[in-house]
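Here is a walk through one structure, part by part. Have the sequence and the model open while you read.

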Amino acid sequence: MKKQWLSLMIAVCFACCAFAQDNTTHALRPFDKNHPPTNCNGNPCDINYNGGPVFEKAPTVYIIWYGNWSSKDKSIIDYYFEHLGGSTQEKINTTYSDSTGKFVPNAVNHSTKDDYHDNYSLGKSLSGDGAIQTIVANAIKGKHLPDDTNGIYFVLTYKDVTDPGFCSQFCGYHGPSTSIVSGQTIKYSMVGDPDQCPSGCETSFILHDKSSPNNDPGADGATAIMWHEFSETSSDPEVNLVTAWAGNFCGESGDCCAWLFGTVHTDSHGHFYTNKIGTKEYAMQEMLQLTSKSRNGNIPGKCVNVY
């Protein structure tokens, strides 16, 4: 047992040191009922193009289930990304383009073959972003998931996993890494299980819903955080390396509309939702839709549920 514990500690320490780049600054901050969002909440909204790339081809969403996520949890989240492409929600992201003149497509690739279950390989107390990058690197190195520069790798940590800053500083974050695979820029995101801190990170709790549209507040809430990080990765995949869309007023596209829900509907069971994807309903934040095709100066936008 002592040898196993020593090996685990060495692995965690290696994770801290091997990945010096930290992307937790590009994060969805927890909701604070005492301090309403100061983004586009009643304010004119604009964002700036900084010269970087967007996803010009449909990204593949890869999900690393870190810990004991249930089959129900997985089915809710998998279904969302299997059906997001072509939707009026994803169409919002098609308003973003880059210097080549190409726009983000209304298409997303995902199926359960793009999932991998990591059974707490670094334990239940993670050391930060370096550990998250190690989890992605190990999944690729072990051939559990492919090496794909046109992919977005989500690490979803279960509710019994702690990670510095989760719940207090962020609900999820995204960024590029040049260390996960040497010589390549891999896009990844960390999203924690909002069941760990529902008042700060769980959409249905914040909407005062007693449950959630799919009767699984944790999975529904994680999907909402993933929508935030997925959208920002689509329009700003190499943020801080070669930043694309980010503004000095509200940040990236998801930050501009964080915790703004727009039109909220009530389903047949009395639960609140904002979007219908396929045949399922989800409670989601709005996203910034650009209202100009220009990339020069301050580009105006508006927070919407659908295009």
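Let's start with the sheet: six strands form an open sheet in the order 1-6-7-5-3-4, and the pairing is mixed. At its edges sit strand 1 (27-28) and strand 4 (115-118), each of which pairs on one side only. Strands here are DSSP runs of E with at least two residues, helices are runs of H or I with at least four, and both are numbered from the N terminus. Two strands pair if DSSP finds at least two bridges between them.

Before going further, a word on the source. This is a predicted model, in which local features need pLDDT of at least 70 and side-chain atom pairs count only at pLDDT 80 or more, while totals for chains, interfaces and linings use all residues. Residues are numbered from 1 along each chain as its sequence is written, and side-chain values use heavy atoms, with hydrogens and water left out.

Take leucine 28: its bridge partner in strand 6 is glycine 172. Strands of a sheet pair through backbone hydrogen bonds, either parallel or antiparallel.

**Helices on the sheet**

Which strands does helix 2 lie across? Helix 2 (residues 71-83) lies across strand 3 (60-66), strand 4 and strand 5 (151-157), and runs at about 170 degrees to strand 3. Helix 3 lies across strand 3, strand 4, strand 5, strand 6 and strand 7 (186-192), at about 120 degrees to strand 5. Contact here means heavy atoms within 4.5 Å. The axes are lines fitted to C-alpha atoms, for helices over the stretch in contact, and the angles run from 0 to 180 degrees between N-to-C directions.

Helix 3 is mostly covered, with eleven of its 13 residues buried; among them are Ile132, Ile135, Val136 and Ile140. Buried means under 20% relative accessible area, exposed means over 50%, and partly exposed is in between (1.4 Å probe, protein chains only). Just past the end of helix 3, lysine 143 takes a positive phi of about 60 degrees.

How far should helix 3 (residues 129-141) span at 1.5 Å a residue? Its 13 residues should span 18 Å, and the end C-alpha atoms are 18 Å apart, which agrees. The expected span is 1.5 Å times one less than the number of residues. Helix 6 (residues 217-235) gets the same kind of check: its 19 residues should span 27 Å, and its end C-alpha atoms are 28 Å apart, which agrees. Helix 6 is mostly covered too, with 18 of its 19 residues buried.

**Salt bridges**

The structure holds two salt bridges, where a salt bridge is a side-chain nitrogen of Lys or Arg within 4 Å of a carboxyl oxygen of Asp or Glu. In one, the side chains of aspartate 114 and lysine 113 meet at 3.4 Å, N to O. In the other, lysine 124 joins aspartate 160, with the closest N and O atoms 3.3 Å apart. Lysine 124 lies in the loop between strand 4 and helix 3 and aspartate 160 in the loop between strand 5 and strand 6, so this pair ties together parts that are 36 residues apart in sequence.

| Residue | Relative accessible area | Class |
|---|---|---|
| Aspartate 114 | 6% | buried |
| Lysine 113 | 66% | exposed |
| Lysine 124 | 42% | partly exposed |
| Aspartate 160 | 30% | partly exposed |

**Aromatic rings**

The count comes to 13 aromatic pairs. Rings of Phe, Tyr and Trp (its six-membered ring) pair if their centres lie within 6.5 Å; planes under 30 degrees apart count as stacked, over 60 as edge-to-face and the rest as tilted.

Why is the pair of tryptophan 69 and tyrosine 158 edge-to-face? The ring centres of tryptophan 69 and tyrosine 158 are 5.6 Å apart and their planes are at 65 degrees, so the pair is edge-to-face. Tryptophan 69 lies in the loop between strand 3 and helix 2 and tyrosine 158 in the loop between strand 5 and strand 6, so the pair ties together parts 89 residues apart in sequence. Tryptophan 69 counts as buried at 6% relative accessibility, and tyrosine 158 counts as buried at 16%.

The rings of tyrosine 80 and tyrosine 282 have their centres 5.0 Å apart and their planes at 65 degrees, so this pair is edge-to-face. It links distant parts of the chain, with tyrosine 80 in helix 2 and tyrosine 282 in strand 11 (residues 280-282), 202 residues apart. Tyr80, Phe81, Phe154, Phe230 and Tyr282 form one aromatic cluster.
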